Amino acid sequence: MKRRNFLGSIALTSALVNNTEGPATQSGPFLRENKSKEMLSADVVIAGAGLGGCAAALAALRNGLSVILTEETDWIGGQVSQQGVPPDEHQWIETHGAPKAYRDFRTAVREYYKQNYPLTADAKSRKHLNPGDGAVSRLCHEPRIAVAVLNDMLAPYQSRGKLTLLLEHKVVSAELQGNRAKSLEFLNKRTGNHVILTAPYFVDATELGDLLPITGTEFVTGTEAKSETNELHAPEKANPDNVQAFTVCFAIDYQPGENHVIEKPAEYDFWKNFVPKMTKPWSGKLLGLSYSNPKTLEPKELGFHPEGIATGDKLNLWNYRRIISKSNFTPGTYKGDITIVNWPQNDYFLGNLIGASEKEFKKHFEKGKQLSLSLLYWLQTEAPRPDGGKGWPGTRLRKDIMGTEDGLAKYPYVRESRRIKAVFTIKEEHVGAENRAMAVANGATGDKNKAAEFYDSVGIGYYHIDLHPSTGGNNYIDFASLPFQIPLGALLPVRMENVLPANKNIGTTHITNGCYRLHPVEWSIGEAVGLLVKYAGEKGVAARVVRERKEFLEGFQEFLGREGVGVAWKW
């Protein structure tokens with residue numbers, strides 16, 4: 001299908017839709033075929049327990065709703081945990097620009113360290129403790145701490161029977177009736193059993209937008225053409241398979257004088273000599289200490305020293321995503337720092353996970369792992385040292401940090417998903433600094449130095465537009481954006497009435513996804529959706545009616561404010 005827009009059939013009634021990318025097909029009576037399968041129901045079913053899913057669940061739960069929350073892996077938290085990525089946030093995050101619940105989560109992470117770790121007196125006294133003092137974030141921390149904190153936040157609701165949390169469950173099919181989903185069927189990956197979940201609302205908080213094809217919700221993937229979106233940085237031709245790289249993250253520490261060199265990876269020779277082919281050339285071999293400057297695409301040198309020592313005017317990659325800085329802990333607690341490897345050198349762009357069969361997904365995930373292990377082996381054996389030698393054999397893979405046998409993240413760090421065809425689509429002219437100025441100059445209302453104002457705003461966020469190299473051969477696309485709002489129209493599918501997005505699958509374009517995909521924005525989206533389910537249900541109207549009728553929209557925005565969710569930037 002052109003641009004892989006999924007055209008669900010409006011005429012479907014009581015159809016069982018399997019997890020495929022093809023059109024929905026009718027099947028026999030759903031319940032008759034599944035008599036022996038366990039059936040559970042709740043006020044809302046949320047598929048995917050990443051930050052968006054957890055935020056949606058918490059918002060619904062604290063307002064009295066019952067929730068079934070599913071997760072494909074055995075860790076909740078999504079990109080901050082199972083994918084191993086410390087929070088990517090904007091510079092104002094400590095004071096404003098995120099919901100109260102997200103700030104509470106961040107505070108709880110800090111308190112976890114203060115209550116359970118032997119911090120120095122100085123570190124413990126810091127209001128804004130950063131356990132790793134990483135350069136990328138004001139809160140670089142271990143993935144499992146996010147899991148612990150989120151589980152603590154959810155635990156009271158589990159104890160009261162309001163929350164059912166189903167780990168290692170993957171959605172496989174749906175029963176539909178007209179423009180509504182009636183139920184979802186999930187596979188328990190641990191036991192092989194199936195469970196059928198019913199609810200008035202279904203929230204897609206999966207990493208790849210897995211509910212969209214299953215429920216017949218119209219969606220797009222990849223890049224839109226400039227003729228379609230009129231975006232300054234859009235390509236001339238659309239390409240549904242051109243998506244950002246994913247990364248298989250891992251953690252390392254450094255043990256001087258020891259040898260922790262791993263077995264040579266099976267694909268090391270390939271990756272050692274691999275030179276990316278891109279429309280604007282890469283700086284050379286992927287495994288090396290240079291990359292393309294994201295803003296200029298000129299070659300840029302990087303540094304690496306596993307003791308955190310400054311590497312001149314070059315960024316020391318060791319310090320970039322460091323999650324444990326031994327200086328924050330009492331002497332002897334750690335022999336060295338711990339850092340997360342999520343660098344340009346292990347971005348994998350030779351395959352697309354969106355719409356991939358299970359076999360293809362596993363193939364590309366494995367190849368992404370091979371790239372990451374090859375980078376580790378290169379650091380251990382060939383990375384240049386200040387003394388003129390090669391390799392840092394004391395660099396140790398910390399398998400315990402990611403909670404896996406191979407030491408690699410449980411799930412790929414996914415930057416791009418299926419995106420709903422939404423009632424309203426956020427385009428570059430709304431949030432991109434340069435394109436916004438052009439739009440205002442050409443007659444668009446508002447201030448050219450501010451993002452477009454959305455009357456139906458249900459949240460706020462900020463990050464520069466940050467697109468990593470892609471499967472279609474694009475180099476970085478990285479440029480300034482403006483502090484933005486999250487419009488309710490971008491959370492509403494054009495047709496389906498009770499399927500809502502809560503991850504990277506909202507109504508953005510390939511371009512604007514680059515600033516709506518980060519941790520606090522994903523949380524904000526999920527929280528807005530969880531509260532929308534509560535408000536719409538309380539008023540007895542469909543979710544889209546909340547946007548369509550002024551009295552409901554204003555009431556919902558007031559409700560958001562009472563819940564600690566800002567809908568406009570205040571300086």
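Trainee: What volume does the second largest cavity have?
Mentor: In this predicted model, the second largest cavity holds about 70 Å³. A cavity is a set of points on a 1 Å grid over the protein atoms alone where a 1.4 Å probe fits but cannot get out; its volume is the space filled by probe spheres set on the points. Local features need pLDDT of at least 70, side-chain atom pairs 80 or more, while totals for chains, interfaces and linings use all residues. Residues are numbered from 1 along each chain, and side-chain values use heavy atoms, without hydrogens and water.

Trainee: Which residues lie nearest the centre of the second largest cavity?
Mentor: Val243, Gln244, Phe246, Leu353 and Glu416, from a lining of 13 residues. Lining residues have an atom within 4 Å of a point.

Trainee: How many cavities of 30 Å³ or more does the search find?
Mentor: Two, in the whole structure. The largest has about 160 Å³ of space, and 17 residues line it, with Gly48, Glu72, Thr206, Glu207 and Asp210 closest to its centre.

Trainee: What makes β3 and β9 a pair?
Mentor: Pairing needs at least two bridges found by DSSP. β3 (residues 44–47) and β9 (residues 201–204) have four and run parallel, so they count as paired. Val44, for one, has Tyr201 in β9 as bridge partner. A strand is a DSSP run of E, at least two residues long, numbered from the N terminus.

Trainee: Why are β5 and β24 said to stand at the edges?
Mentor: The open sheet runs β5-β4-β3-β9-β24, with parallel pairing. β5 (163–167) and β24 (499–501) each have a single partner strand, so one side of each lacks a neighbour in the sheet.

Definitions and conventions. 1 Å grid on protein atoms, 1.4 Å probe; cavity = no way out; pocket = protein on both sides within 12 Å on 5 of 7 lines; lining within 4 Å.
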